[in-house]
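This briefing sets out selected features of one model.

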Amino acid sequence: MAKKFTQAFTDQSDCPCQSDLSYGQCCGRFLKAADKNDTSVPQTAEQLMRSRYTAYVLGNSLYLLNTWHPQYRPQKIDLSASDQQWIGLKIKETHKGQAQDGSGEVHFIARYKVNGEASHLEERSQFVKMAGQWFYTTGQIL
Ligand SMILES: [Zn+2]
């Protein structure tokens, strides 16, 4: 777990993806559903992208693996070794990726700190939908 969120982080907390919703109303629906093998899945590529960002913030590597397309997914993700602290997400643009689409692109900027030093990642991420569920495939770092 990321240090910042180990205490006092609840469903009522602001969602880490900065949607202005609470965690329980936003990404929490999907991250917790994945734990329970529930059927709550993101309806759009943007929702999946946001929930994956939140999974990075919270150190939920299982969710990241489960939402990564099997053809592109790494063997494992070790977030505990990273000093990276995610501090903000901004969605710049989306292309397709709506509930009725089979693929989509999300262009975002994620800000983070490493050893106190601020930096950011700008990426165009690609998503595809299989059997009604969105998956991350690859991203082009800008
Ligand atoms: Zn969220």
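Predicted model: local features only at pLDDT ≥ 70, side-chain atom pairs only at ≥ 80, totals over all residues.

Which residue in β4 stands opposite Phe127? The residue is Tyr136.

**Sheet**

- An open sheet is formed by 4 strands, ordered β1-β2-β3-β4, with antiparallel pairing.
- At the edges are β1, residues 85–96, and β4, residues 133–141, each of which pairs on one side only.
- On average, neighbouring strands of this sheet are turned by 30° against each other, direction ignored.
- Strand β3 spans residues 117–130 and is joined to β4 by 7 bridges in the antiparallel sense.
- Strands of a sheet pair through backbone hydrogen bonds, in either a parallel or an antiparallel manner.

**Helix on the sheet**

- Helix α2, residues 45–58, packs on the sheet and touches β1, β2 (103–114), β3 and β4.
- The direction of α2 makes about 170° with that of β1.

**Largest nonpolar core**

- The largest nonpolar core has 26 residues, of which Cys27, Tyr53 and Phe127 touch the most other members.
- At least two residues of this core come from each of α1 (28–36), α2, α3 (61–66), β1, β2 and β4.
- Helix α2 provides the largest share of the core, with 8 residues.
- Beyond its neighbours within four places in sequence, Phe127 is in contact with Ala45, Leu48, Gly97, Ser103, Gly104, Val106, Trp134, Phe135, Tyr136 and Thr137.

**Residues with positive phi**

- Most residues other than glycine have a negative phi.
- Lys96 is not a glycine, yet has a positive phi of about 55°; this residue lies in strand β1.
- Lys96 counts as partly exposed because it has 14 C-beta neighbours inside 10 Å, a number between the limits of 12 or fewer for exposed and 20 or more for buried.
- Asn115, also a residue other than glycine, has a positive phi near 50° and is found in the loop between β2 and β3.
- Asn115 is exposed, because 7 other C-beta atoms lie within 10 Å and the limit for an exposed residue is 12 or fewer.

How values were computed
Residues numbered from 1 in each chain as written. Pairing = 2+ DSSP bridges. Axes fitted to C-alpha atoms, helices over the stretch in contact; angles between N-to-C directions. Contact = placed C-beta atoms within 7 Å. Core = buried A, V, L, I, M, F, W, Y, C linked by C-beta atoms within 7 Å.
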